[in-house]
Amino acid sequence: MSAKVAVASRSFSKHPVLRAELVARYPDARFNDEGSSLNGDALVAFLDGCEKAVLALETVDDALLARLPKLKVISKVGVGLDTIDVAAMSKRGVKLALTPGTNSRSVAELTLMAMIALLRRLPETQNDMRAGRWSQLKGGTLTGRTVGLVGFGAVGRDLASLLAPFGVTLLVHDPVVLEAKGVKLVPLDDLLRQADVVSLHLPLLPATKGLLSAAKLAFLKPSAVLINTARGGLIDEPALLAALDSGRLAGAALDVFAAEPPTDKRLLSHPKLLATPHVGGSTEEAILAMGRAAIAGLDAAES
């Protein structure tokens, strides 16, 4: 392959199998060997002169594309598009390669783990153990609960299949889903009022930013738990902290944050919060699947 390729994705760049497979097709590929978070001027400098790029969470807007006239293809590691200005890419003739579902099982399994952990009050139990307290807090089972999925794309559907053996009642809110087997489609407010477990599986868009506001969080049962393994910014984090502090919410799990890394130490250290550093797709299987899809996308986008 003669096209110059740059890989900004840190997980891809440090993966020996993905590197070898890409170099076999693009011998002069450039990798983010420093493991830097590349955006703005740094991303322009890294991609300068390249016709194709493999990106993950890097921000692509019209101003950046204007400074990279040789760039013709962006292949995305993962599935989110909240950092990509698709309209700007189309205007400038830059093609996008994206393969949905490559990390859905990885994210779904983390979400299932979080549901069980919160219902068994594991964040609080671990906090007590580390403080020398043998509290033996009483939790609850997932079996037989009402689970509300806000968003029913690839991850939501995969999670629904994993929940089947638990005998849960599944409520789903997704404005673009008109019919789904084995679940009950309901308005968002009804889902929030009824669910014992609420899990978010939405993209971050202007319409979804801050969707779980203080007013929406107030609909949740005090015994409910809330999980976000989708995108930071869907939940009003100060309102979530207030709900946890006041006992208006029994627990929460966040794998994603409005700003990453997050800086709100009160939220991160809250005994009722299970926090992970955006690792939903960070399994060996998911990284390989996403990386290989991105490699294939470099060529497929040109067809």
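Start with the protein chain as a whole: 13 helices and 12 strands, where helices (H or I, at least four residues) and strands (E, at least two) are DSSP runs numbered from the N terminus. The radius of gyration is 21 Å, close to the 19 Å that the globule rule gives for 303 residues, so the chain is as compact as a globular protein of that length. That radius is taken over C-alpha atoms, and the rule is 2.2 Å times the number of residues to the power 0.38.

This is a predicted model, in which local features need pLDDT of at least 70 and side-chain atom pairs count only at pLDDT 80 or more, while totals for chains, interfaces and linings use all residues. Residues are numbered from 1 along each chain as its sequence is written, and side-chain values use heavy atoms, with hydrogens and water left out.

Keep the whole chain selected. Along the principal axes, its C-alpha atoms fill a box of roughly 60 × 50 × 35 Å. Buried residues (under 20% relative accessible area, with exposed over 50% and partly exposed in between; 1.4 Å probe, protein chains only) account for 48% of the 303 residues. Of the contacts (heavy atoms within 4.5 Å) between residues at least 6 apart in sequence, 60% join residues at least 24 apart.

Next, select strands E1 to E5. They form an open sheet in the order E2-E1-E3-E4-E5, with parallel pairing; two strands pair if DSSP finds at least two bridges between them. At the edges are E2 (30-31) and E5 (95-97), each pairing on one side only. Val 54 is opposite Ser 75 in E4.

Move on to residues 197-200, strand E9. Four bridges pair E9 with E10 in the parallel sense, and Ser 199 has Ile 227 as its bridge partner in E10.

Select E10 itself, residues 225-228, which runs parallel to E11 and is joined to it by four bridges. In a regular strand the side chains alternate between the two faces of the sheet. On E10, Val 225 and Ile 227 point one way, Leu 226 and Asn 228 point the other way, and all are buried. Asn 228 stands opposite Leu 254 in E11.
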